[in-house]
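Please look over the sequence and model below. A short report on selected features follows them.

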Amino acid sequence: MNGKNGTDYDVVVAGGGPVGLFLAGELRLGGAKVLVVERLAEVDETIKAGGINTAGAVSLYRRGLLPDLAAAWERNRWRMRAFLGDREQGAGSADAPRTPPKFAGHFAGIMMRGDLFDGSDPAFAGIGPADGVGLGVPQVELERILGARAERLGVEVRRGVELTGFDTDDEGVSVRLGGDHTVRTGWLVGCDGGRSTVRKLAGFDFPGTEPEITGYQAVVEMSGGERLGAGWNTTDVGTYVNGPFPGRILTVEFDGPPADLPHARLRSRGGTPIAPVTAEELQAALRRVSGVDEVTIHQVHSSTRFTDNARQASGYRKGRVLLAGDAAHVHSPFGGQGLNLGLGDAMNLGWKLAAVVRGAAPGSLLDSYTAERHPIGAWVLDWTRAQIAVMRPDRHARALRRVVTDLALTTTGTTYLVKQISGVWQHYDLPGDHPLTGQSAPDLELSDGTRLGDHLHDGRALLLDLADDPKLRARAEGYGDRVDVVTAACPGRPELTGLLVRPDGFVAWAAGGNDQEDDLDAVLTRWFVAA
């Protein structure tokens, strides 16, 4: 099978990490022929993100991946047990049922207490069975899950292949791979990390703030570690972390970025390979920050450098070239937002680009990708900048940290922080007056025994008729290949009569009575009428 308009592929995705693989799967669900090219020959085992938040887990749940995610959580439960201790649900005995914790996290190393979290806050209503499942699932496990899914869907993945250049025209993109091979594609998406080759060659603006820190994260074998404090520790020099599992360390020093790469987020997939972190380098950093000269690192199993370089592309599209994930925005890893932000990018872009590829939507639909995702990316950058401000070792920052800690150790403060970290606050500015419009759809329990999320696995939109209204269902006629229609009651939300849920799970239209149904035709036309 060839791509549309005589191309080899409809879309080439540069970068085979979790974001690139998730996007590729979304594109295949929408009918596009996809090639993923990844510079690394094997899945990257380097220690990176230690889990995904609620918003990320809900996205995977909506694509039928909750069992895979839950199995990965179970395999890595010991990490969360060490992190949460008695806060892990079911931790009372070895035979007790194990369920994921509702949350875990910190703000600038200020740990949140589960007993202060108000789970009755309306922001957490309707999340469904995905709540907490992604916590403690390492990025490498997620990459394997999404890689297997991409393979099942028929995505072609070429590992050990590097994008070296490309040329664009009105009809498509000619992509050079490895210097001596060219493929023709309709669209190119850069998911190739913070040092993105695609972003640089396409000429995207990438404004932001300069880095202040050098950070290391590693899994090591060491002696003298018993002299280190457990968990997050703040010192006169910076911050270090010991745990949550044996041998995992992290250090942060406010001495500027590494001199050789002052503007790079050093754990990126793209660009030239970075020199490996040595045991001597890690040991020196850990001794400086902790003040424990007796600690000795004997072996490094996995390691990475990072900085707080915070930048964001001004727009995520230039003609037939788009960006997603770290290629579009970089920031420090504190708070674990980067991977989740990239998964959200992929979920938003995938169905839109696939619709454009197959002629079911005009190219202007892609303008909504930047409009919807850029504000969320900007928020994440500021969230990480705020944490850097609280982590600085100067007296003003330490005074601010004490104030933030006091606020965090309240029910209101903890619940606010959990809402931000979990991503449940995220919404899009969509037209319509109903409170659900633009929100992530609540996972409604339906009278037929299914849940709303069960009907989104195939990546199509969903018109949910909750009042058995033939007139409402008739409005979706002609959209059969793009909009599924389900009729069922929802006893838990009797005030709702209908919902139109986009393929990414966000509510495009909602009604609590006939007075709002006239809006539905315009909303269907906006998102799903062919060019």
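## Basis

This is a predicted model, in which local features need pLDDT of at least 70, side-chain atom pairs count only at pLDDT 80 or more, and totals for chains, interfaces and linings use all residues. Residues are numbered from 1 along each chain as its sequence is written, and side-chain values use heavy atoms, leaving out hydrogens and water.

## Helix H5

Helix H5 spans residues 139-153. Helices (H or I, at least four residues) and strands (E, at least two) are DSSP runs, numbered from the N terminus. The buried residues of H5 (under 20% relative accessible area; exposed is over 50%, partly exposed in between; 1.4 Å probe, protein chains only) include Leu142, Ile145, Leu146 and Arg149. Their cover includes helix H1 (18-29), helix H8 (338-357) and strand E5 (156-159). Gly154 follows H5, with a positive phi near 90°.

## Val321

Val321 sits in strand E17 (residues 321-323). Val321 is buried, at 2% relative accessible area. Beyond four places in sequence, its contacts (heavy atoms within 4.5 Å) include Phe166, Leu188 and Tyr316.

## Salt bridges

The whole structure holds 29 salt bridges (a side-chain nitrogen of Lys or Arg within 4 Å of a carboxyl oxygen of Asp or Glu). One pairs Glu294 with Arg227 at 3.4 Å, N to O. Both residues lie in loops, so the pair ties together parts 67 residues apart in sequence.

Arg460 bridges to Asp458 at 3.5 Å. Arg460 also meets Asp484 at 3.0 Å, N to O.

Terms used:
Expected span 1.5 Å × (residues − 1).
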